[in-house]
Amino acid sequence: MAALQRPQATDGRRVKPPLLFLDIDGVLNSRKYFERSPAPPPGAVADEMFRAMLDPEAVAHLRWLLDRSRADVVLSSSWRHVLEPEAVAVMLRERGLGADWLGFVGETPRDVRGRGREIHAWLVANKAIARRFAVLDDDSDMSPVKRRWVQTTNERGLRREHAERVLKMLRASL
């Protein structure tokens, strides 16, 4: 796979890539995946258990999306409360994103009022409110970013049609 490179403006300035806010449960794994996957062995450490939860097919759809959009990824999953973002990035590389994936550019803050408010707070804090962005999540608490949200399902996780919708959204103007 070609190395992921950041786009450049015609005058040589770095173009800010779009942002993808990424959930994991219900996006990069699903009930269907768990039904067909073997359970981690008894005594498996936490990293092995989390790694086994990542569906390689869903990760391949994410790779397809990132190869085409060149989006920066912000971790918005609850996994950020139990694992360091770099640990999650290593797992994603191992499950199919590849060694050339640059990792997360950040993680959203915790806000008990909902995931959408966490995402909005990250955009404001990082002066990124005017950047193109999309949210991949199976939850529905997306106010105030609902118009930039593509909902997956816990039943099936990330499918190609979701990735295509996100790509279209990331390429469209705000």
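Biologist: Which backbone oxygen lies 3.2 Å from a polar atom of the side chain of Arg159?

Modeller: The one on Arg156. I call that a polar contact: a pair of N or O atoms within 3.5 Å, where within protein one must be able to donate a hydrogen and the other to accept it, and residues adjacent in sequence count only if both atoms are side-chain atoms. Bear in mind that this is a predicted model, so local features need pLDDT of at least 70 and side-chain atom pairs pLDDT 80 or more, while totals for chains, interfaces and linings use all residues. Residues are numbered from 1 along each chain as its sequence is written, and side-chain values use heavy atoms, leaving out hydrogens and water.

Biologist: Where is Arg159 found, and is Arg159 buried or exposed?

Modeller: Buried means under 20% relative accessible area, exposed over 50%, and partly exposed in between (1.4 Å probe, protein chains only). Arg159 is found in the loop between β5 (149-151) and α6. Its relative accessible area is 12%, so Arg159 is buried.

Biologist: And what does Arg159 touch, not counting residues up to four places away in sequence?

Modeller: Glu57 and His61, where contact means heavy atoms within 4.5 Å. His61 is itself one of the buried residues of α3.

Biologist: Let's look at α3, then. How do I read a helix's span, and what does α3 give?

Modeller: The expected span is 1.5 Å times one less than the number of residues. With 14 residues, α3 reaches 20 Å from first C-alpha to last, close to the 20 Å expected. Compare α4, where a straight helix of 13 residues would span 18 Å. Between its end C-alpha atoms, α4 spans only 15 Å.

Biologist: What caps the N-terminal end of α3, and what comes just after α3?

Modeller: Asp55 is the cap, with a side-chain oxygen 2.9 Å from the backbone nitrogen of Glu57. At the other end, Arg70 follows with a positive phi of about 55 degrees, although Arg70 is not a glycine. Arg70 sits in the loop between α3 and β2, and at 24% relative accessible area it is partly exposed.

Biologist: What comes just after α4?

Modeller: Gly98, taking a positive phi of about 90 degrees. For another non-glycine with positive phi, look at Lys127, at about 50 degrees. Lys127 lies in the loop between α5 and β4 and is exposed, with a relative accessible area of 73%.

Biologist: How do the axes of α3 and α4 cross?

Modeller: Axes are lines fitted to C-alpha atoms, for helices over the stretch in contact, with angles from 0 to 180 degrees between N-to-C directions. Under 35 degrees counts as roughly parallel, over 145 as roughly antiparallel, 65 to 115 as roughly perpendicular, and the rest as oblique. Here α3 (residues 56-69) and α4 (residues 85-97) come within 9 Å and cross at roughly 95 degrees. The two helices are therefore roughly perpendicular to each other. From α3, the contact uses Pro56, Val59, Leu62, Arg63 and Leu66; from α4, it uses Leu92, Arg95, Gly96 and Leu97.

Biologist: What does Gly96 contact, leaving aside neighbours within four places in sequence?

Modeller: Val59 and Arg63. Gly96 is partly exposed, at 31% relative accessibility. Gly96 and Asp55, the capping residue, are 41 residues apart in sequence and 9.3 Å apart in space, C-alpha to C-alpha.

Biologist: Beyond each other, what do the buried residues of these helices pack against?

Modeller: Those of α3, including Trp64 and Leu65, pack against β1 (19-22), β2 (72-75), β4 (133-137) and α6 (160-171) as well as α4. Those of α4, including Val88 and Met91, pack against α2 (46-52), β2 and β3 as well as α3.

Biologist: Which peptide bond is cis, with omega near 10 degrees?

Modeller: The one from Ser143 to Pro144; Pro144 is found in the loop between β4 and β5.

Methods
Helices (H or I, at least four residues) and strands (E, at least two) are DSSP runs, numbered from the N terminus.
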